[in-house]
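Thanks, everyone. Please have a look at the structure.

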Amino acid sequence: MKLLAIDCAANLCAACIYDADADAELGREVRDLGKGHAEHLMTVLETALEASGAGYQDLNAVAVSIGPGSFTGLRVGVSTARGLALALKIPAIGVTTLEALAAEGAHAFPGRAVLAALDAGREEIHAALYDRALVETYGPSVATLAEAVTMAVNTDTVLVGTAAPLIAQSAGRVFDTGPVAATADIATYAGLAAAKGPGEKPKPLYLRGADAKPQAGFILPRQGKGNEP
């Protein structure tokens, strides 16, 4: 089975082609954009396909990171994955950024519980806790720093994600730490999706609303009979 994996959850715009039967990556393209995923994603996909020697017609599934992450990036990645799946008549499979990061932590420290934690700002942490078998036991959810520290200390967990240093500092102790990043390697998403198989259609995982708000200077007064001149 050949699978296309897409990740636009954070600063990266990434894609790879993965052969699940051979457990091998065939080609990839990763660009560190920050933003502008919509303008680059199709070129990234085509570059990854070209590197793999495969075409869209050779794909059997599409995997996509569903967040938590960038509000706009998630929409771009998930809508593209679902559109391709519909056009090619193949399944789309969603993988959260937290489970992908946790898988990398578990690979680095086998047989350990893993706390995947992303710094969401506003003193909030997007977190999920996984046991030694990588079964999710908490989250994905919004947690306070104190709650994340308690989970980490009580389970003697491996920490992964951008909030890992913050949790360790607040706890006042050293933890075994996996990748301190906002997203996992694109091949990790591909491997997890291949193991999951088809399920519900992927949709963005938003743990809080979008930050975008109208600028006060652009809010026009309502026109009507009762308005003052």
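Arg 31 is partly exposed, with a relative accessible area of 23%. This is a predicted model, by the way. Arg 31 forms a salt bridge with Glu 29, and the closest N and O atoms are 3.0 Å apart. Buried or partly exposed, that Glu 29? Buried, because its relative accessibility is 19% and the cut-off for buried is under 20%.

How many salt bridges are there in the whole structure? The search finds 6.

Take Asp 176 next. Its partner is Arg 112, with the closest N and O atoms 2.7 Å apart. Asp 176 is partly exposed, at 34% relative accessible area.

Now Arg 28. It forms a salt bridge with Asp 185, at 2.8 Å between the closest N and O atoms. Arg 28 is in strand E3 (residues 24-32), Asp 185 in the loop between H5 and helix H6 (186-196), so the pair ties together parts 157 residues apart in sequence. Both ends are partly exposed: Arg 28 at 32%, Asp 185 at 33%. Glu 25 joins in too: Glu 25, Arg 28 and Asp 185 are linked in a network of salt bridges.

On to the cysteines. The structure holds 0 disulfides. For Cys 8, the nearest cysteine sulfur is that of Cys 13, 4.3 Å away. Cys 8 is buried, at 1% relative accessibility. Cys 13 is buried as well, at 0%.

Next, helix H5, residues 164-171. Its buried residues are Ala 164, Ile 167 and Ala 168. Down the helix axis they fall within an arc of 95°, so they line one face of H5. What covers them? Strand E6 (114-121), strand E7 (124-130), helix H4 (145-155) and strand E9 (158-160) are included in the cover. Just after H5, Gly 172 takes a positive phi of about 70°.

Last stop, Gly 67. It lies in the loop between strand E4 (61-65) and helix H2 (71-88). Gly 67 counts as buried, at 0% relative accessibility. Beyond its neighbours within four places in sequence, Gly 67 contacts Leu 74, Thr 96, Thr 97 and Leu 205.

Technical notes. Residues numbered from 1 in each chain as written. Predicted model: local features only at pLDDT ≥ 70, side-chain atom pairs only at ≥ 80, totals over all residues. Heavy atoms only, no water. Buried < 20%, exposed > 50% of the residue type's maximum accessible area, 1.4 Å probe, protein only. Helix = DSSP H or I, 4+ residues; strand = E, 2+ residues; numbered from the N terminus. Arc of directions from axis to C-beta. Contact = heavy atoms within 4.5 Å. Disulfide = S-S within 2.5 Å. Salt bridge = Lys/Arg side-chain N within 4 Å of Asp/Glu carboxyl O.
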